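This report describes selected features of one structure, beginning with the ligand and its surroundings.

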Amino acid sequence: MQSKVAEIRKSALEACAQAETLQQLSDAKVKFLGKKGELTLVLRSMGQLPSEQRPLFGKLVNEVRDELDSAWEQRETQLAQAEEERRLLGEGLDISLPGRIIRRGTLHPITQIINEAKTIFMQMGYEIVEGPEVELDYYNFEALNIPPDHPARDMQDTFFITEQLLLRSQTSPVQIHTMERRQPPIRIVAPGKVYRADSDISHSPMFHQIEGLVVDRGITFADLKGTLQLFAERMFGAHTKIRLRPSYFPFTEPSAEVDVSCIICAGAGCRVCKETGWLEILGSGMVHPHVLEKVGYDPREVTGFAFGAGIERIAMLKYGIGDIRLLFENDVRFLQQFTS
Ligand code: DAH
């Protein structure tokens, strides 16, 4: 009977090694080790042996069973792995390929500059307001002290929709809407889109401005200057200087154009500032008494200052962008450079 066990052991080990699938392996297990399997049957027939031989025989069978169990276990692991590999290959899925990165979007540089400007003014106690992009002639021109035949209309190539309706050419009409709605004190900034029939490397038919307006008792030109100085420092860096040049806008008197010290050469003179050391960034002035009167304010009681800056111009200066059209082409390679 011992030789019978040896035989079973040998053919079981062979069957185990030859099994090519988990199914074959498990069939072979039933055949040799199952309830009616060959090894089990031999064990059952142990009664035929003389009783003194039984313990030794029992021990032998158990050893063989243990050996076969671990042989099965090993083969099972191998086959399971092989089957998993076959399955993955069949799926055509290569799990060793690097994953696909989901790129995060970034805010458009114009949006970033608007957000920065809003934050700077909010920290100074300003409110953010908005106004319509389709405007009446009255708000875009007339209430801003620009009557129908005023030559200042020629400075802005306006898109007219009808004789009275137009795409706003500046954010200044928001000043009028705001003053019509409320009483001083007023301290607002109004960012938004404006439109002019103009297109080249520094002009786009649609662009953005941010308008500021402060009206209260006793507001002076010094308040305007201090406010713009702080804005320039926050926007362009702590060492930025500003310079006010006399200018003309129909809705302010006196008016000033404001330059910042060149952010490229810090005032030494370079290509960007055309060797002047200065860069123009906005228009400003004390609100014209006519404008205050038109909205029903008394210019002897309250005074105010206003300013308007081009957002694209600030972005181009700040980021060294040479052509305004880059801002509107939406080339991802360009936009990705402005991760905040
Ligand atoms: N609206 C003017 C423009 O688009 C800019 C401007 C100048 C706005 C002076 C103002 C200001 O509020 O006071 O050219």
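## Ligand contacts

A polar contact is a pair of N or O atoms within 3.5 Å. The model is predicted, and the distances reported here are computed from it. A polar side-chain atom of Gln175 is placed 3.0 Å from an oxygen atom of the ligand. For Gln209, a polar side-chain atom lies 2.9 Å from an oxygen atom of the ligand. Ser172 faces another kind of ligand atom: an N or O atom of the Ser172 side chain is 3.0 Å from a nitrogen atom of the ligand. The ligand taken alone exposes 350 Å², of which the protein buries 91%.

## The shell around the ligand

The ligand is surrounded by 16 residues, and the closest are Gln170, Ser172, Arg196, Gln209 and Glu211. Sorted by class, this shell holds ten polar, four nonpolar and two charged residues.

## Aromatic pairs

The whole structure contains eight aromatic pairs. In one of them, the ring centres of Phe121 and Tyr126 are 5.1 Å apart and the ring planes stand at 65 degrees; planes over 60 degrees apart count as edge-to-face, so this pair is assigned to that class. Phe121 and Tyr126 are both buried. These two residues also belong to one aromatic cluster together with Phe231, Phe305 and Phe307.

A further edge-to-face pair is formed by Tyr138 and Tyr139, with 5.2 Å from centre to centre and 90 degrees between the planes. Buried means under 20% relative accessible area, and exposed means over 50%. Tyr139 has a relative accessibility of 13% and therefore counts as buried.

## Ser204

Where is Ser204 placed? Ser204 sits in the loop between β4 (186-195) and β5. Its relative accessibility is 9%, and Ser204 therefore counts as buried.

A polar atom of the Ser204 side chain lies 2.5 Å from the backbone oxygen of Met206. When neighbours within four places in sequence are left aside, Ser204 is in contact with Arg196, Asp198, Ile324 and Phe328. One of these, Arg196, is also listed among the closest residues to the ligand.

Definitions and conventions: Residues numbered from 1 in each chain as written. Predicted model: local features only at pLDDT ≥ 70, side-chain atom pairs only at ≥ 80, totals over all residues. Heavy atoms only, no water. Near = heavy atom within 4 Å. Polar contact = N/O pair within 3.5 Å; in protein donor to acceptor, adjacent residues only side chain to side chain. Areas by Shrake-Rupley, 256 points an atom, 1.4 Å probe, with all protein chains shown as cover. Nonpolar A, V, L, I, M, F, W, Y, C, P; charged D, E, K, R; others polar. Phe/Tyr/Trp six-rings, centres within 6.5 Å; stacked < 30°, edge-to-face > 60°. Buried < 20%, exposed > 50% of the residue type's maximum accessible area, 1.4 Å probe, protein only. Helix = DSSP H or I, 4+ residues; strand = E, 2+ residues; numbered from the N terminus. Contact = heavy atoms within 4.5 Å.
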